[in-house]
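Visitor: I'm new to this one. Could you walk me through how to read a few of its features?

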Amino acid sequence: MILGWILLGLSFAGMAIAAIPASASDPMSLLKQADSIKLSDQGQFLEILDVLGNDSVRLPPDQLDYLRYLQAWGAAYRGDYKLSDSLLKGLLNHSADLTLHFRAGVLLVNTLAERSRYEEAFQRQSLLLAELPKITDPDARKQALVIAAYLYEEAGQYDLAFTYADQLFRETPEISEYSCIAGHAELAALYKSDKLEGIDRKFQKGIDICTKVGDLVYANGIRFYEASLALQRGRTDIALQILKSNYADVQHTKYQMLISQFDASLAEAYRKTNRPALARQYALAVVDQSKSNRFAEPLSIAYQVLYLTEKQQGRMEAALAYHEQYMDTNKGYLNAVNARALAYQTVQQQLLAKKLQVDTLGKQNQILQLQRNLDKKASETGRLYILLLLTVLAFIGFWAYRVKRSQLRFMKLARRDGLTGIFNRQHFVNEAERQLRYCRKSARDVCLVLIDLDHFKAVNDTHGHAVGDRVLRRAVDACQAHLRSTDVFGRLGGEEFGMLLPECTLGNVLVRVEQMRAAIAAVSSVKDAPGIPISASFGVANAADSDYELRQLMIDADRALYQAKHEGRNRVSLFGVGMRN
């Protein structure tokens, strides 16, 4: 979601400059005019660049650098990153104009992020933020703050994103395009970090600002978050009213990412209100849009809606096909999210290591200076030198230990589900496939179990998400009490869990799973969820029937789970070969 919003944000610097009448005898006025219309009138923008490019040998160095920057912007806009990189790196290496050098760095960060080169983007971003105090040009500063807010938001660093969006607000006291962008960035960070106190009022304020400056894209971007929150709260009627009343404006912008977000949300809302035909219509629209622009999060939602809709109507073959596409798309989306988060943490570790290296070199220089002085003294002074050296080495060892401990902590967080502490979907899939390969080689029995909490949405709607979260954790604890150290247990999404049980035959898997089912049913008696009936349905598949393939095991277990749901829930269903018919 980051790339489109950043590109829009960078376009406003040009819009803030009034159009200057073209004059072939005044190259600087032509350059400024091109800068001001580069997004609003691409045809004239390219014509001006052609005129100036044909006469570039007569331009002084500062105007030639300005032309190279605009040529790089145009190349990036049409996807010619090879040319854009070459022009931008030339500017970064030799431009004497501090502001133009800074704008080139901002544009390079944007294009690196568009190509998923997140580690390089964060490295460049750290350099830009270090240079920011020296930059006095208001537009250049605001461009850097825009890209910082969105880049950190997509890396999951919501506090940093909010900080830079708030700074953008403070540097834009009047109502303008930048205050609209800042409002969108702040609200995105608040929404994604679940800091929802007073957010409805803030939604309306942000929409009012963007509407006043005439920016339908960002105004409807805020409305998308407003509708998404309404869906989370179970207020589907409000979500539908927001989405439908602004849908024509969203279509008019022709901004494909926002259109996909609205279509995916409409599909989800219609599914929740039991209107499968409309849910399918809007979900298929997202799939069709993905042929030219593949926006992972809306596409993942669309495939999930199609899977659940087909499943609800009993068309299991189509449901399973959509389920496979949903898993692939969702895995790709989660991989991209993890890649951004890991890139940010990697760059932070590199910066910390570099700082430690500089500190170490400084300490070593101090030691060398002390050594020259201590050579003139007696043995007593020599003992003092040794003590100082040991202190420095202990300091270096301490910092190295802290860096390593941080790295191990980040690796653990990347594998675990934040709510329950068990494996997340990606790591569950990796571990399960590894165990299956081992069991295949050693001809050992292995079973896959899919678990889905019954009527869990009703718990969230009736008692709130906080109680729902506690119920999820209690259900996980109940299952873990019956697992062995070799079993693989992970959260696949929402209230759905999976476990792989190696060396577990059909003769004893039902006993173990039945114990888990009974333990989950007892959760309603604990103090965290008094009087809330909780149960779960289990689908079990055996590797002997599925040829030790995780994909087939999950399909077979899902069929068994569907059978358990169909037979009344709160039960265990074992997959049989006849279920494939």
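**Strands and a surface patch**

Guide: Happy to, and let's begin with a facing pair: L448 sits opposite L500, a residue of β3. Keep in mind that this is a predicted model.

Visitor: Which strand pairs with β3 over seven bridges, and in what sense?

Guide: That's β1, residues 446-453, and the pairing is antiparallel.

Visitor: How many bridges join β2 to β3?

Guide: Five, and these two strands run antiparallel as well. For β2, look at residues 488-493.

Visitor: What sits between β2 and β3 in their hairpin?

Guide: Two residues separate the strands there, and G494 in this hairpin has a positive phi near 60 degrees.

Visitor: Are the residues of β3 buried or exposed?

Guide: Buried means under 20% relative accessible area. In β3, residues 496-502, seven of seven residues are buried. Check both faces: E496, G498, L500 and P502 are buried on one side, and F497, M499 and L501 are buried on the other.

Visitor: Now for the surface. Which residues form the nonpolar patch?

Guide: L370, L384, L387 and L388, with about 330 Å² of accessible area together. Helix α19, residues 379-415, gives the largest share, three residues. L370 belongs to helix α18, residues 316-374.

Definitions and conventions: Residues are numbered from 1 along each chain as its sequence is written. This is a predicted model: local features need pLDDT of at least 70, side-chain atom pairs count only at pLDDT 80 or more; totals for chains, interfaces and linings use all residues. Side-chain values use heavy atoms; hydrogens and water are left out. Patches are made of residues with over 30% relative accessible area and no salt bridge: like charges are joined within 9 Å, nonpolar side chains (Val, Leu, Ile, Met, Phe, Trp, Tyr) within 5 Å. Accessible areas come from the Shrake-Rupley method with a 1.4 Å probe; for residues, only the protein chains shown count as cover. A salt bridge is a side-chain nitrogen of Lys or Arg within 4 Å of a carboxyl oxygen of Asp or Glu. Helices (H or I, at least four residues) and strands (E, at least two) are DSSP runs, numbered from the N terminus. Buried means under 20% relative accessible area, exposed over 50%, partly exposed in between (1.4 Å probe, protein chains only). Two strands pair if DSSP finds at least two bridges between them.
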